[in-house]
There are 2 protein chains.
Amino acid sequence: MKIQRRPTNVLLPVPLVLVSVAGDEGSPPDIVTLAWAGTVCSAPPMLSVSVRPSRHSYALLQRRHEFVVNLPRARQARQVDLCGNTSGRDTDKFAACGFHPVAAARVRAPMIAECPINIECVTRHRLSLGAHDLFVGEIVAVHYDEEVLDEHGRLQVAAVDALAYVHGEYWTLGRKVGSYGFTVGDAPVEVDESEDVGPEPSAGAASGSDVGGSQAGAGA
Amino acid sequence: MKIQRRPTNVLLPVPLVLVSVAGDEGSPPDIVTLAWAGTVCSAPPMLSVSVRPSRHSYALLQRRHEFVVNLPRARQARQVDLCGNTSGRDTDKFAACGFHPVAAARVRAPMIAECPINIECVTRHRLSLGAHDLFVGEIVAVHYDEEVLDEHGRLQVAAVDALAYVHGEYWTLGRKVGSYGFTVGDAPVEVDESEDVGPEPSAGAASGSDVGGSQAGAGA
């Protein structure tokens, strides 16, 4: 039986990200934990993060137009929670978390050294929706910890020890139950269609090839 | 050691959703699998889905301005993959999946009876980003299968048997490692701040109370 309830945000699971931004002159960089985040475009690769205008990080995002999305490990849940429950106005979050800033390649925001995946973004759109503003960022570079890549440079999901946000709770991932395209063989029916739930190319060959790491070839 | 790779969409995990839309006159309703989806605003509650203009469902979304986001169970991975690898132009996806359409309360798109959570949405914004258009939908009603709610009407995450999209792979959830606010006690420091990674209120009391189901009170 279906039970109707009032409209609320129940989409799940959603990613948990630590967004790092450069601080103002003389101030440390800031980190904010967000779960209102998602992939929004394949080409160019883009993601979105939603931030309340009252947040300290919102003003920094507005001024800088550049940010890094750092994906935490499940064993960093304490830092994730801390960065979602303190403000950069009175807390140096890098120091509070024991995190170290590392210079990014393409943007002025710092990366969090301790996070296994760091995604450099440049803001391309901002949309005021109500309680939150949506920032659409183009992904301009990605960095991986060596240990989450296999010997061919492909991302090993299990090695990431990823964290998901599920209805107010932090959850680990469980087990793989299939790869994109498994019902139609190794190759998707249409590459064009496959990319709606893909592509998630691997970290890729050093050549920068588009051939992805999905075992089902969804990224091809 | 950090290894830099070309920019790709590596945000993970992201949700896997089955978006249902009303068909054209005389045609069955359509279902499309999407992973480029996310929560984007707390108030009003909003989510986004990104769709390629070449998709059959894109035209339907454009014309109808209404859709339902159905959250699948991990044991529905086959249907999820099928709806991502076939087109509604030549496939009746409800029939192909053994799914049954159920009338929604507020929109003309059908809900998928077999999915444990159904989120009714009305399109409020559309943004052309490149390969994908982003549709921002306001959530106007939510339906739950009775068995995913406890006796107080609170959502039981484990009962959902949720599915995540992780770098071309379908994954189950693992285990809960904390609740929002666990580093600062039961109550978040600031309700306003808590809502950046929340609120994810429970299915709620029949009163429609705003007090949520998060064990840490993040939805309060």
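The model is predicted: local features need pLDDT of at least 70, side-chain atom pairs count only at pLDDT 80 or more, and totals for chains, interfaces and linings use all residues. Residues are numbered from 1 along each chain as its sequence is written, while chains are lettered from A and ligands numbered from 1 in the order in which they are written.

**Stop 1: the axis.** Display both chains.

**Stop 2: the interface.** Select the residues of each chain that touch the other. Here 112 residues of chain A are in contact with 112 residues of chain B (contact: C-beta atoms, placed from the backbone, within 7 Å). E13(A) supplies the largest share of chain A's side, 11 residues. The copies meet through the same surface, because 100% of the interface residues of chain A are also interface residues in chain B.

Stop 3: Select residues 169–179 in both chains. These are the two E13 strands, which pair in the antiparallel sense over seven bridges (strands are DSSP runs of E, at least two residues, and helices runs of H or I, at least four, numbered from the N terminus; two strands pair if DSSP finds at least two bridges between them). Ser179(A) stands opposite Glu169(B).

**Stop 4: the hairpin.** The hairpin has two residues between its strands, and His167(B) in the turn has a positive phi of about 55°.

Stop 5: Six strands form an open antiparallel sheet in the order E2(A)-E12(A)-E13(A)-E13(B)-E12(B)-E2(B). At the edges lie the E2 strands (14–15) of chains A and B, each pairing on one side only. Select Val14(A) to find its bridge partner in E12(A), Tyr165(A). Next select helix H2 (residues 77–85) of chain A, which packs on the sheet and touches E12 and E13 of chain A together with E13 of chain B.

**Stop 6: a second pairing between chains.** Finally, select residues 2–5 of chain A and 133–145 of chain B: E1(A) and E11(B) pair in the antiparallel sense over four bridges. Ile3(A) stands opposite Tyr144(B).

Note on methods. Contact = placed C-beta atoms within 7 Å. Axes fitted to C-alpha atoms, helices over the stretch in contact; angles between N-to-C directions.
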